[in-house]
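Please look through the structure shown below, and then work through the questions that follow, taking each answer step by step.

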Amino acid sequence: MRGLLIGAIVIGGLAGFVGPSLLTSAPTYGPKPSADAKVRQTAKSPALVQVPQTEEQDVADSAWSAGESASAAQERHAAEKSVFYAGCNEVRALGKAPLYAGDPGYRVEMDGDGDGVACEPIRRG
């Protein structure tokens with residue numbers, strides 16, 4: 001009985017490896033597939049695509065990793081977004097310079113060269 005079970009497992013395993021190759025090389029009957037169908041058959045599956053997260057998902061992720069509740073994270077995020085600086089002099093006086101794109105209080109108007117960094121140190125030429 002045990003020998004039959006082992007034999008069935010071996011034959012089943014071989015059928016799993018050999019069977020698909022026999023099926024793909026079998027002749028086909030009927031009309032030939034179109035060129036479009038051939039392309040679809042040979043096309044590779046697309047890789048996993050990274051879907052951009054929404055701002056709410058980013059807040060929820062940071063809340064989860066920080067161990068805080070989602071409502072507390074939303075309140076904190078709203079407070080961060082409401083930061084407004086009158087200009088770079090205020091930012092520097094508060095010790096917050098430089099501001100990077102995405103930082104609370106960053107505005108394009110304060111980014112003189114448009115490189116995503118506002119209130120950079122003044123360069124003396």
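**Contacts, core and a disulfide**

Q: Leaving aside its neighbours within four places in sequence, with which residues is tyrosine 85 in contact?
A: The model is a predicted one, and contact here asks for heavy atoms within 4.5 Å. Once neighbours within four places in sequence are set aside, the residues in contact with tyrosine 85 are Glu90, Val91, Leu94, Lys96, Leu99, Pro104, Gly105, Arg107 and Met110.

Q: Which residues make up the largest nonpolar core?
A: In soluble globular proteins, nonpolar side chains tend to be buried together. In this model the largest such core has eight residues, and they are Tyr85, Cys88, Val91, Leu99, Tyr106, Met110, Ala118 and Cys119.

Q: Is cysteine 119 buried or exposed?
A: A residue counts as buried when its relative accessible area is under 20%. Cysteine 119 has a relative accessibility of 4%, and therefore it counts as buried.

Q: Which cysteine does a disulfide join to cysteine 88?
A: A disulfide needs two cysteine sulfur atoms within 2.5 Å, and the count by this rule comes to one. In that disulfide the S to S distance is 2.2 Å, and the partner of cysteine 88 is cysteine 119. The pair links distant parts of the chain, since cysteine 88 lies in helix H5 (residues 88-93) and, 31 residues apart from it, in the segment after strand S2 (117-118), comes cysteine 119.

Notes. Residues numbered from 1 in each chain as written. Predicted model: local features only at pLDDT ≥ 70, side-chain atom pairs only at ≥ 80, totals over all residues. Heavy atoms only, no water. Core = buried A, V, L, I, M, F, W, Y, C linked by side-chain atoms within 4.5 Å. Buried < 20%, exposed > 50% of the residue type's maximum accessible area, 1.4 Å probe, protein only. Helix = DSSP H or I, 4+ residues; strand = E, 2+ residues; numbered from the N terminus.
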